[in-house]
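This briefing goes through one protein model and its ligand, topic by topic. Keep the structure in view while reading.

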Amino acid sequence: MAPSVATDLFADVPHTPGAPKRDAILVADNVVRRFGGLTAVDIEHVEIQRGAITALIGPNGAGKTTFFNLLTGFDRANSGTWTFEGQQLSGHPPYQVARAGMVRTFQLTKALTRIPVIENMRLGATNQRGEHLWRSWLPFLWNQQERSITDRAEQLLARFKLDHMRDEYAGELSGGQRKLLEMARALMAEPTMVMLDEPMAGVNPALTQSLLGHVKDLRTLGMTVLFVEHDMDMVRDISDWVIVMAEGRIVAEGPPEAVMADQAVIDAYLGSHHDAPLTEAEEERQLAEIGAELFAEPASNDTTGAEETTPASGEPR
Ligand SMILES: Nc1ncnc2c1ncn2[C@@H]1O[C@H](COP(=O)(O)OP(=O)(O)OP(=O)(O)O)[C@@H](O)[C@H]1O
């Protein structure tokens, strides 16, 4: 199979933590976040390639979600800086980050499950409306913008095959449909870069391919994707590049197959399970187990699957 355009982008990139990229859309330096005595994030340098799909993986507690929260303005770093499209964004609130073109998905909260699907979508555009000013001073333009927001929401719902659920409460959606809604809602802000937090969690195999297809479509449409995921099948299937975090730091970078064979990565996953030194036999057994998980062929997708009830498998937790 010929390498994709996105794969070509990484042809000369060294497989080392903090590797410089050919055309980085996001560059972060010396980002530290502490919670009391715990250093959750301590990233010296990282670059995210424009127009590619990058996976951020690592064992539980590695700091992936905290790093997402910092980048998107939902949490404050103790120190560090980052630029997006060359613009300094460190310390900016979420609405400014979204306006700059960097948008993350959010799990549907309880409150959001109690409003209709179409309203969830419209909320995704809220930050762009300048609601108070427009509504009171320029009602005609405001109405026009409201209409175009609804049109866009409906187009996206159709693209994600959720249009038949338009007026249902979001709480009525299955696990996989919720993930699609989260992604569709993020697109309401017309982002340049989409950050997906565990897009496969809770998704039944019946919807797996559809979700993967939608993520790949984002790249085809010219967007940059950064996603956190425990499902190694998904990481192997769609990532152009993988960044591995452990204990707040970046410990490895590279294409999926290279990263999954990297001893530092295997050690990071092992280390998350055991603080005490392992016996040789135990270490060998665990290496074999993790190797099998990392290299397992993607499960065949059962398109006849019923409702979504079980989380995705293959998680090297
Ligand atoms: N608000 C908080 N207060 C205190 N500690 C926190 C807070 N948020 C995260 N942590 C801690 O920071 C560390 C990193 O957590 P984080 O959720 O970022 O890891 P993660 O890699 O996303 O893990 P997972 O894969 O399990 O979601 C963990 O030890 C976590 O307990």
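Helices (H or I, at least four residues) and strands (E, at least two) are DSSP runs, numbered from the N terminus. By that rule T150 belongs to helix α7, which covers residues 139-159. The model is predicted, and the protein chain contains 13 helices and 10 strands.

**Confidence**

- The protein chain has a mean pLDDT of 83, with 77% of its residues at 70 or more.
- Residues 299-317 have a pLDDT below 50, and this stretch makes 41 contacts in the model beyond near neighbours in sequence.
- Where pLDDT is low, the predicted coordinates should not be read in detail.
- For the complex, the predictor gives an ipTM of 0.97 and a pTM of 0.81.

**Surroundings of the ligand**

- Which residues surround the ligand? They are F35, L38, A40, G58, N60, G61, A62, G63, K64, T65 and T66.
- Two or more residues of this shell come from each of the elements β2 (38-49) and α2 (64-71).
- Helix α2 gives the largest share, 3 residues.
- Sorted by class, the shell holds 4 nonpolar, 6 polar and 1 charged residues.

**Burial and the nonpolar core**

- Of the 317 residues in the protein chain, 38% are buried.
- In soluble globular proteins, nonpolar side chains tend to be buried together.
- The largest nonpolar core in this model has 78 residues, and A184, M195 and V244 have the most contacts inside it.
- Leaving out residues up to four places away in sequence, M195 touches F68, T72, M102, V103, R104, L226 and F227.

- Strand β9 (residues 241-246) is largely enclosed by the rest of the structure, because 6 of its 6 residues are buried.
- W241, I243 and M245 cover one side of β9, while V242, V244 and A246 lie on the other, and all are buried.
- Strand β3 (residues 53-57) runs parallel to β9, and 4 bridges join the two.
- In this pairing, A55 stands opposite V242.
- Strand β10 (residues 249-254) runs antiparallel to β9 and is joined to it by 5 bridges.
- One of the paired positions is A246, whose bridge partner in β10 is R249.
- β9 and β10 form a hairpin with 2 residues between them, and E247 in the turn has a positive phi of about 50°.

**Other positive phi values**

- Most residues other than glycine have a negative phi.
- E85 is not a glycine, yet its phi is positive, at about 50°.
- E85 sits in the loop between β4 (79-84) and β5 (87-88).
- Is E85 buried or partly exposed? E85 counts as partly exposed, because it has 15 C-beta neighbours inside 10 Å, and a residue needs 20 or more to be buried.
- E198 also has a positive phi, near 50°, and lies in the loop between β7 (193-197) and α9 (205-220).
- E198 has 21 other C-beta atoms within 10 Å, so E198 is buried.

**Back to T150**

- T150 has 14 other C-beta atoms within 10 Å and is therefore partly exposed.
- How far apart are T150 and Q88 in space? Their C-alpha atoms are 32 Å apart, and the two residues are 62 residues apart in sequence.

Conventions:
Residues are numbered from 1 along each chain as its sequence is written. This is a predicted model: local features need pLDDT of at least 70, side-chain atom pairs count only at pLDDT 80 or more; totals for chains, interfaces and linings use all residues. pLDDT is the predictor's confidence in each residue, from 0 to 100. Two residues are in contact if their C-beta atoms, placed from the backbone, lie within 7 Å. A residue is near a molecule or strand if its C-beta atom, placed from the backbone, lies within 6 Å of it. Ala, Val, Leu, Ile, Met, Phe, Trp, Tyr, Cys and Pro count as nonpolar, Asp, Glu, Lys and Arg as charged, and the others, Gly among them, as polar. A residue is buried if 20 or more other C-beta atoms lie within 10 Å of its own, exposed if 12 or fewer, and partly exposed in between; C-beta atoms are placed from the backbone. A nonpolar core is a set of buried Ala, Val, Leu, Ile, Met, Phe, Trp, Tyr and Cys residues joined through C-beta atoms within 7 Å. Two strands pair if DSSP finds at least two bridges between them.
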